[in-house]
Amino acid sequence: MLIAIDGPAGAGKSTVARAVADALGFTYLDSGALYRAVALAGARDPATLDIAFEGDRVLLDGADVSEAIRTPEISQEASRRATDPAVRKALVAKQRALLAHGDWVAEGRDIGTVVAPGADLKVWLTASLPERARRRGVPPDEVRERDQRDAGREHAPMVAAPDAVEVDTTGLSIDNVVRRIVGLVRERVS
Ligand code: CDP
């Protein structure tokens, strides 16, 4: 089974997807970490990088880069590298290989539209721009710039799949959002 959770920066995707995966006993996939690792690797060919997940840690060629990939500079660089079709091709192939076996909650920008259009449930997670900027502790302009780049790119732009269920997390607690999504999953399987 595969649950896709897509949406803009700071909507709560990582926290919510991780909690939904825990609640259901599924594995969590943070696709953004792949784009961030490519950004950290600089000019190297993304197809040659060894990016791996070990529990909550992200490894790039065996080195733990979990903290290094979370800086605001890497956030912006990841969204710049994510416009490159060669980067997307390599990372979509990697995601599909991971998702081929087992039960997953995968989060990102294009899971429900490109990586796994056949997902059993697609959620489009949003929140107001001021709230998303506050959660990230960065100026709204920084979040807006990344949203515009992600939504405006030619290849796999960030957009809700037509069959996604929209969940606006503005003013909602994590628990509330998680319960709602777990409820949607249970409706689909019953
Ligand atoms: O956690 P946050 O929403 O801030 O970002 P992220 O999910 O770690 O993704 C970082 C960047 O990678 C995004 O701004 C996108 O440009 C890119 N990305 C993408 O293009 N497609 C995905 N499935 C996931 C991330």
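**View 1. The largest nonpolar core of the predicted model.** A nonpolar core is here a set of buried Ala, Val, Leu, Ile, Met, Phe, Trp, Tyr and Cys residues that are joined through side-chain atoms within 4.5 Å. In this structure, which is a predicted model, the largest such core has 29 residues, and those that touch the most other members are Leu2, Tyr35, Ile51, Leu91 and Leu99. Two or more residues each are given to this core by the strands β1 (2-6), β4 (57-60) and β6 (104-108), and by the helices α2 (31-40), α3 (72-81), α4 (85-99) and α5 (111-115). Of these contributions, the largest share is that of α2, which provides six residues. As general background, nonpolar side chains in soluble globular proteins tend to be buried together.

View 2. Once its neighbours within four places in sequence are left aside, leucine 91 is in contact with Leu34, Tyr35, Val38 and Ile51.

View 3. How many cavities of 30 Å³ or more does the model hold? The count comes to one, and the volume of the largest cavity is about 40 Å³. Its lining consists of Asp6, Gly112, Thr113, Lys122, Val123, Trp124, Val159, Ala160, Ala161 and Ala164. The elements that supply two or more residues to this lining are α5 and β7 (121-126), and β7 gives the most, with three residues. Sorted by class, the lining of the largest cavity contains six nonpolar, two polar and two charged residues.

**View 4. The largest pocket.** The largest pocket, with a volume of about 650 Å³, is lined by 34 residues, and the ones that lie nearest its centre are Ala9, Arg36, Arg109, Arg136 and Arg146. At least two lining residues come from each of α1 (13-24), α2, α3, β6, α6 (129-136) and α7 (140-152), and α3 gives the most, with five residues. By class, the lining of the largest pocket divides into 14 charged, 11 polar and nine nonpolar residues.

**View 5. The second largest pocket.** About 270 Å³ of space lies in the second largest pocket, whose lining is made up of 15 residues, with Arg18, Phe53, Gly55, Asp56 and Arg57 lying nearest the centre. The strands β2 (27-30) and β4 each supply at least two residues of this lining. Which element gives the most to the lining of the second largest pocket? That element is β2, with four residues. The classes of the lining residues here are six nonpolar, three polar and six charged.

**View 6. Glycine 118 in its loop.** Glycine 118 is placed in the loop between α5 and β7. Is glycine 118 buried or exposed? Because its relative accessible area is 70%, glycine 118 is classed as exposed, the cut-off for that class being over 50%. Between the C-alpha atoms of glycine 118 and aspartate 147, which are 29 residues apart along the chain, the separation is 25 Å.

Conventions: Residues numbered from 1 in each chain as written. Predicted model: local features only at pLDDT ≥ 70, side-chain atom pairs only at ≥ 80, totals over all residues. Heavy atoms only, no water. Buried < 20%, exposed > 50% of the residue type's maximum accessible area, 1.4 Å probe, protein only. Contact = heavy atoms within 4.5 Å. 1 Å grid on protein atoms, 1.4 Å probe; cavity = no way out; pocket = protein on both sides within 12 Å on 5 of 7 lines; lining within 4 Å. Points joined across faces, edges and corners; volume = space filled by probe spheres on them. Nonpolar A, V, L, I, M, F, W, Y, C, P; charged D, E, K, R; others polar.
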